Structure formats: structure tokens, C-alpha cells
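This report looks at one helix and what covers it, then at the protein surfaces near the DNA strands.

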2 protein chains.
Amino acid sequence: MRISELSERSGIPVASIKFYIREGMLPRGATTSATRAEYGDEHLARLRVIQALSDVRALPLARVKEILSLIDEPDETPYETLGRAVSALPPYAEETSTDRARATIEQLGLTYDEPFAAIEQLEAAIRGIEAAGLAWDAETAARYAGPILQIAAAELIPLAELSESEQVSYAVLGTAMYEPAILALRRLAHQHLLATRETDDDM
Amino acid sequence: MRISELSERSGIPVASIKFYIREGMLPRGATTSATRAEYGDEHLARLRVIQALSDVRALPLARVKEILSLIDEPDETPYETLGRAVSALPPYAEETSTDRARATIEQLGLTYDEPFAAIEQLEAAIRGIEAAGLAWDAETAARYAGPILQIAAAELIPLAELSESEQVSYAVLGTAMYEPAILALRRLAHQHLLATRETDDDM
DNA sequence: AATATAAGATAGTGTCACTATCTAAGCAAG
DNA sequence: CTTGCTTAGATAGTGACACTATCTTATATT
């Protein structure tokens with residue numbers, strides 16, 4: 001298909017598609033002449049991934065680009081690839097001490113692996129919680145740990161059925177794209193619990 | 001304290017503090033003369049909340065403003081207030097049909113309450129998941145439901161000890177600020193599970 | 001009296017994610 | 001075969017956002 005059809009089918013303006021190509025987020029179409037290039041379904045699929053990451057996750061294009069490059073050229077191991085995918089996700093924390101996060105991780109018996117971006121993200125999250133006047137103590141952390149480990153374990157199950165390269169893109173995109181669903185379900189669960197209480201006056 | 005001290009203690013430039021005041025996100029200091037105004041600890045606390053919401057949650061200032069106004073002037077019931085707080089959080093979805101979300105909500109036996117923003121957010125999340133080429137089916141939803149309900153239920157426990165007005169700001173800020181911690185823990189759990197597996201070659 | 005600092009208003013800046021315009025070259029219809 | 005339409009690819013411009021800098025006026029301070 002040509003660029004105008006790609007635009008129609010994806011709902012993205014031609015000018016924007018050209019912009020994504022310039023930015024290296026979308027491969028050029030196969031040039032057939034000086035004024036013709038042919039685009040395929042892989043371009044359409046890539047465009048949908050860009051939209052999902054950009055619109056639903058509200059990631060800056062620079063981060064979208066990082067994630068796409070992980071899918072295109074994965075690291076040596078899935079473990080490393082996942083680590084780099086995580087670092088493309090908010091909260092974007094600069095390097096600081098990670099004392100609070102470390103304490104929580106050790107309390108819960110999780111692996112503390114220094115270069116992993118999620119440690120800094122947890123640190124930033126804890127600082128934000130406390131800046132907002134809320135509590136983050138051992139009890140709070142313990143409340144979250146069990147269910148979250150359950151979720152994480154359950155998410156690894158479908159991986160077994162996939163091929164190596166499918167696993168990488170599942171891990172990278174799954175890390176990013178299931179998060180909004182998890183948060184939406186939590187919000188709905190809060191509403192549900194409040195709605196089904198006998199009295200509404202003590203939420 | 002005067003604005004320069006407020007700036008020093010909060011780490012936010014004077015010009016930015018003035019900007020927040022103009023935007024109505026921070027109350028003016030108590031004017032003592034034409035060129036003096038007095039700021040208190042409540043200004044400092046408010047500034048920290050703005051920073052947490054803006055930096056850690058990366059919310060646009062318009063959304064931060066909505067959340068602050070909920071704390072300052074809550075709705076009739078905590079239930080309503082929570083609903084409006086949720087709608088200030090991403091993903092920001094425009095109105096569309098919510099068929100996919102509805103199916104999931106009914107499958108899980110949660111309350112389907114039309115005006116609630118989390119329904120549209122779940123819809124947007126599901127569409128993003130599928131646009132990225134990932135699956136959202138009954139099985140997937142069921143995997144998440146149990147642990148998430150556990151988390152939500154556990155989060156309501158500390159509410160009982162708080163006063164009415166504390167409950168509102170706990171609910172509003174808690175909804176927003178615990179989310180990054182939950183996501184960071186999930187990412188760490190993935191890493192932990194991969195790291196502690198016998199073989200790393202089948203993630 | 002001279003200097004510094006503050007409040008509050010107005011205008012300017014840098015970044016991001018497009019979006020519009022431009023140029024040159026095919027392609028399609030009459 | 002020629003007139004007009006479309007396209008590829010490059011360059012420049014736009015609008016929203018979140019500050020940031022400057023300006024004016026007035027009041028503390030030394």
C-alpha cells in the first residue's frame with residue numbers, strides 16, 4: 001500500500017507518518033521509484049504499537065523509540081532486555097541514593113540488583129508517597145507484596161508457550177501495556193468495595 | 001516565612017511559586033504590607049504535594065489542580081470524590097463505547113457504575129494491549145482480578161482510623177501516589193522471578 | 001538617603017510533538 | 001504528450017505546556 005492508504009487505515013495523518021519515519025521509529029517503505037514507496041502490514045502494526053505506547057501510556061516519543069529499539073534489537077538475555085524496557089517507563093528518576101527502596105526490597109526478600117531501574121523507580125515512588133503526607137512503612141509494603149508477587153508469577157505463565165523472539169516482545173510490551181489495566185482494575189476494585197459496603201459514610 | 005525562604009526550603013524557584021499562586025494551585029501568603037506576605041507550613045506541604053503529583057506521577061498541571069481542588073472542596077460523599085480523583089489520572093480516554101471493559105467487569109463480578117472514569121480507563125487499557133498485539137481475554141482478566149481485589153481491600157483497612165477529612169485526602173492522594181509503588185514492585189517481582197529461576201533461557 | 005528585597009503583573013523562553021509548505025519527480029486521463 | 005494530480009522526502013513553522021525573566025511599585029534595612 002502507499003502512504004495515503006497507510007494513513008487512512010491507521011488513522012494517522014500522512015505528515016505524522018513521515019515524521020515517525022524521520023525519527024527512525026518506523027522503517028521507510030520499499031522505494032519503487034523516486035515518488036513511490038510501498039508499505040506493508042508490518043508498518044501498520046508498528047504504527048499501532050506507537051499509538052498504544054504514546055496515547056495509552058502517554059510515553060514521550062524518545063521513550064517509545066527506546067522500547068521499539070529493544071524489540072528490534074534485543075539484548076543478550078531477556079533479563080537484560082526487560083531491565084532496559086523498565087527504564088523507559090515512568091517514573092523517570094535521576095540517580096540518587098536508594099535507601100528506602102533497598103529497605104523495602106530486603107524486607108520482602110526480593111532480589112536487589114543494583115543496575116535495575118525499578119529500584120530507583122520504587123525509591124521515587126516512596127518519596128512521592130511521603131511528600132504527599134502518606135505512609136510507607138514495613139506494614140504497608142507487606143500488604144502489597146503478596147498479591148503483586150502473585151500477579152507477576154501469573155504473568156510469566158503464558159511465556160512458556162512462545163518462541164524466543166515472541167518472548168522478548170511479549171515481555172517488553174507486556175511490561176508497559178498491562179500496567180494501565182492493572183491500575184484501572186484497582187480503581188474499579190476500590191469503587192466496588194465502597195459501593196458494596198453497608199454504610200458509605202466510612203470510606 | 002517569606003517567599004524566599006519558602007523557595008529555599010522547598011527547592012522550588014520563587015518564580016515558579018508565584019506561577020503556582022497565579023494558577024490557583026497554591027494560596028497566596030497572608031499579606032502584611034504591599035511588599036510583604038507571610039507563608040506557613042501549609043504552603044510548604046502543598047508545594048510538596050504539587051511536586052509529588054507533578055514529578056513522580058508526571059501529571060499535567062491541569063490535573064494536579066483538579067486533584068488539589070478535590071482535597072480543598074470534597075464532594076458530598078467520599079465515593080464521589082474518589083470518582084473524580086480517578087478521572088484526573090491517566091490514561092485520559094475520550095468517551096467511546098466501553099464494551100470490552102464492561103465484559104471484563106461483569107465477568108469479574110465488579111460493580112459497573114456508568115459515570116465512573118475507571119471504566120473508560122480500562123477500555124483504553126484493553127485497546128492499547130490489543131493494539132500492541134497482546135491478549136486480553138477472560139483468562140487474562142481472571143489472573144489479575146484476585147490479587148488486585150486483595151490489594152484494594154487491604155488499602156481500605158487504614159482508612160478506619162482516620163477522621164472524615166483525613167479519609168478524603170488519603171483516598172484522593174492514595175489513589176494517585178501508591179500506584180507508582182505498585183508498578184515498581186511488580187517490575188521488581190518480574191526481575192526477582194527471572195533471576196531466581198534455574199534457567200534464564202526461558203523467560 | 002541609599003540600597004536591597006519583596007509582591008504582583010506582564011511578557012518571553014525552551015521543549016515537545018506534530019503540521020504545513022516546498023521541491024522535484026512520477027503517474028494517469030484526455 | 002501535456003495538463004493536472006499525487007507522492008517522496010526535506011525544511012520550516014505552529015500550538016500547547018510549564019515555567020522563567022523582566023518590570024513596576026512599594027517597603028524594609030542600613
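## Buried residues of helix H5 in chain A

In this predicted model, helix H5 of chain A spans residues 78-86, and its buried residues are Pro78(A), Thr81(A), Leu82(A), Gly83(A), Ala85(A) and Val86(A). The cover over these buried residues includes elements of both chains. From chain A come H4, helix H7 (117-131) and helix H9 (164-195), and from chain B comes helix H9 (164-195).

## Surface near DNA strand C

Around DNA strand C there are 22 residues. Those that come nearest are Phe19(A), Ala34(A) and Pro60(A) from chain A, with Ile3(B) and Ser4(B) from chain B. Two or more residues are given by each of helix H2 (14-22) and helix H4 (61-72) of chain A, and by each of helix H1 (3-10) and strand S2 (36-38) of chain B.

H2(A) gives the most to this surface, with three residues. Sorted by class, the surface near DNA strand C has nine nonpolar, eight polar and five charged residues.

## Surface near DNA strand D

DNA strand D has 23 residues around it. Ile3(A) and Ser4(A) of chain A come nearest, together with Ser33(B), Ala34(B) and Pro60(B) of chain B. The elements that supply at least two residues each are helix H1 (3-10), H2 and strand S2 (36-38) in chain A, and helix H2 (14-22) and helix H4 (61-72) in chain B.

Here H2(B) gives the most, with three residues. The class count for the surface near DNA strand D is nine nonpolar, eight polar and six charged residues.

Technical notes:
Residues are numbered from 1 along each chain as its sequence is written. Chains are lettered from A and ligands numbered from 1 in the order in which they are written. This is a predicted model: local features need pLDDT of at least 70, side-chain atom pairs count only at pLDDT 80 or more; totals for chains, interfaces and linings use all residues. A residue is near a molecule or strand if its C-beta atom, placed from the backbone, lies within 6 Å of it. Helices (H or I, at least four residues) and strands (E, at least two) are DSSP runs, numbered from the N terminus. Ala, Val, Leu, Ile, Met, Phe, Trp, Tyr, Cys and Pro count as nonpolar, Asp, Glu, Lys and Arg as charged, and the others, Gly among them, as polar. A residue is buried if 20 or more other C-beta atoms lie within 10 Å of its own, exposed if 12 or fewer, and partly exposed in between; C-beta atoms are placed from the backbone. Two residues are in contact if their C-beta atoms, placed from the backbone, lie within 7 Å.
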